Amino acid sequence: MKWSAKLEEKVFIGLLWASAILAILVLFSIVGHILINGIAGLSWEFITAEPSRMGKEGGILSIIIGTLYLTVASLIVATPIGVGSAIFLTEYAKKGRVVRVIRFATESLAAVPSIIFGLFGFVLFVITLGMGWSIISGALTIAFMILPTIIRAAEESIKMVPDSYREGSLALGASKWYTIRKVVLPSALPGIATGIILGIGRSIGETAAVILTAGSSLGLPTSVFDPTRTLSVHLYILASEGISMEKAYATATVLIILIISINFVANWLMAKLVGRVA
Amino acid sequence: MLVTNKMETQDLELYYGTFCALHSVSLPILTNQVTALIGPSGCGKSTFLRTLNRMNDLVEGTTIKGKVFLDGEEIYSPDVDCVNLRKRIGMVFQKPNPFPMSIYDNVSYGPRAHGLKDRQKLNQIVEKSLKEAALFNEVKDRLNSSALQLSGGQQQRLVMARLLAVEPEVLLMDEPASALDPISTSKLEDLILDLKKQYTIIIVTHNMQQAARISDYTSFFLNGEMVEYGITKELFTQPQDKRTEDYVTGRFG
């Protein structure tokens, strides 16, 4: 009896290990495949030069800048709205139908495929509001896409702040808003930062919605009304239109390195914030 | 109504939804005296305490009937500013709840919340409050360190200092020593006796010896009803109500 139970356990542990190893192998092979093919194309020139001949030659400077520009712009829009909504839902809204409807709406928003966001952004911002293909059209669209992520993370984080802090503050004669500003939000900061970083992750890799709203112009953007091309869009075009597989891999490598760096910075920032709060 | 009553309740009733947690409590709170509220778990003494600074307003579904007076004025009338009320009536909770900030920021939190920005004045207030709470000497060299690093007893005294910094008139204490070790408890009790000279104090306690040690007046609660009220010594040695007698002699509780 006992012997077969032990055997069963060993088999299961083996399977679990196998799944984990498989997951890691898949990750490593994808990243490895990109890096192996792309490292050769990386150089200081590649990162600092402008693209020429439709990207067949030259570098990706304007594209890197465009990517950063678009990501930052979408965060500037999404963060206040996201955090504000989270504060409203957790601290001010009376539990009931209103909250449930809003929550249902934000959860549904998270499930909408990004191409549909792209279409929506195209019709509303690019055409109807006349903003054309531009960073601002792209940023607004992406902001709506990452909003549920930020709201969810901020909400969970705010809910985790102990009520004893709120009570202590109110018992001192502080107003509710002061309590939120000075005690609740600072405590919730690590979680909110996580949400923002998850949002960055989602927006940096976004391709379809970006093409439809920010366009695919290769020029260096100088204002939010200029169109731009992001790293993921660029590598898609280079590969699918057969312009240069070599440069496509190089671009993908830059993108992956960027994402990994963001994750490292995120973890470092989180550790620092949690260290300060705890 | 006597002039020496800092606070008073008249036929105070509290309902959580339809459940009646307090039945018609009429209790005087004398100025510069320590009034203890005793009774078994769930008898309503903490609930009663929280009606005095309107902390029950924060719990959804509570209704209040009857009156509560501070210096002769009703605190539940619609035009009362709760923020200001809680400045005058402060509260210390069972588990010390310092904010996750420095000691200095904790103590200066209250005055800052009320708009005080002058750095010098804040420094003075922080020092004064920490001294009043008998904590200054222990922390004077590390005011910028995190409050969460203090021991339980120190944290509770920090919470007191934080409270005293807003210069309240009444101190409400909900079992402030129940999470502390005996030495810290003793220090806290000495502090209370010292503060009595300047403040009016109401303390909820499970510990009858504590009530006997530090309070001037005691009130016994049972099942949401205020059963008996009187001078501490008399209530413990010659209780009028049989239920009080049963409780203080340890027959239940």
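Where chain A meets chain B, 15 residues of chain A are in contact with 21 residues of chain B; contact here asks for C-beta atoms, placed from the backbone, within 7 Å. On the chain A side, helix 7 (163-171) and helix 8 (176-204) each supply at least two residues. Helix 7 of chain A gives the most, with 6 residues. By type, the chain A side divides into 9 nonpolar, 5 polar and 1 charged, where nonpolar covers Ala, Val, Leu, Ile, Met, Phe, Trp, Tyr, Cys and Pro, charged covers Asp, Glu, Lys and Arg, and polar covers the others, Gly among them. Helices (H or I, at least four residues) and strands (E, at least two) are DSSP runs, numbered from the N terminus.

A word on the source: this is a predicted model, in which local features need pLDDT of at least 70 and side-chain atom pairs count only at pLDDT 80 or more, while totals for chains, interfaces and linings use all residues. Residues are numbered from 1 along each chain as its sequence is written, chains are lettered from A and ligands numbered from 1 in the order in which they are written.

Now to chain A itself. There are 11 helices and 2 strands in chain A, and from the N terminus on they run α-α-β-β-α-α-α-α-α-α-α-α-α. Its C-alpha atoms fill a box of roughly 70 × 65 × 35 Å along the principal axes. Of the 278 residues of chain A, 39% count as buried, that is, with 20 or more other C-beta atoms within 10 Å of their own, against 12 or fewer for exposed and in between for partly exposed; these C-beta atoms are placed from the backbone.

One helix pair in chain A is worth a look. Helix 3 (residues 61-92) of chain A packs against helix 6 (residues 135-160) of chain A at an angle of about 40°, with the axes 6 Å apart. Axes are lines fitted to C-alpha atoms, for helices over the stretch in contact, and angles run from 0 to 180 degrees between N-to-C directions. The contact between helix 3 and helix 6 of chain A involves 22 nonpolar, 6 polar and 2 charged residues.

Chain B has 10 helices and 10 strands. Its radius of gyration, taken over C-alpha atoms, is 18 Å, close to the 18 Å that the globule rule (2.2 Å times the number of residues to the power 0.38) gives for 253 residues, so chain B is as compact as a globular protein of that length. Buried residues make up 45% of the 253 residues in chain B.

| Strands of chain B | Sense | Bridges |
|---|---|---|
| Strand 3 and strand 8 (residues 200-204) | parallel | 4 bridges |
| Strand 3 and strand 9 (residues 217-222) | parallel | 4 bridges |
| Strand 1 (residues 5-16) and strand 4 (residues 62-70) | antiparallel | 8 bridges |
| Strand 4 and strand 5 (residues 73-74) | antiparallel | 2 bridges |

Strand 3 (residues 34-38) of chain B has 5 of its 5 residues buried. In a regular strand the side chains alternate between the two faces of the sheet. Here B:Val34, B:Ala36 and B:Ile38 are buried on one side, and B:Thr35 and B:Leu37 on the other. B:Val34 stands opposite B:Ile201 in strand 8 of chain B, and B:Leu37 stands opposite B:Ser219 in strand 9 of chain B.

Strand 4 of chain B carries B:Lys67, the bridge partner of B:Gln10. B:Phe69 stands opposite B:Glu74 in strand 5 of chain B. Strands 4 and 5 of chain B form a hairpin with 2 residues between them, and B:Asp71 in the turn has a positive phi of about 50°.

Key:
Contact = placed C-beta atoms within 7 Å. Pairing = 2+ DSSP bridges.
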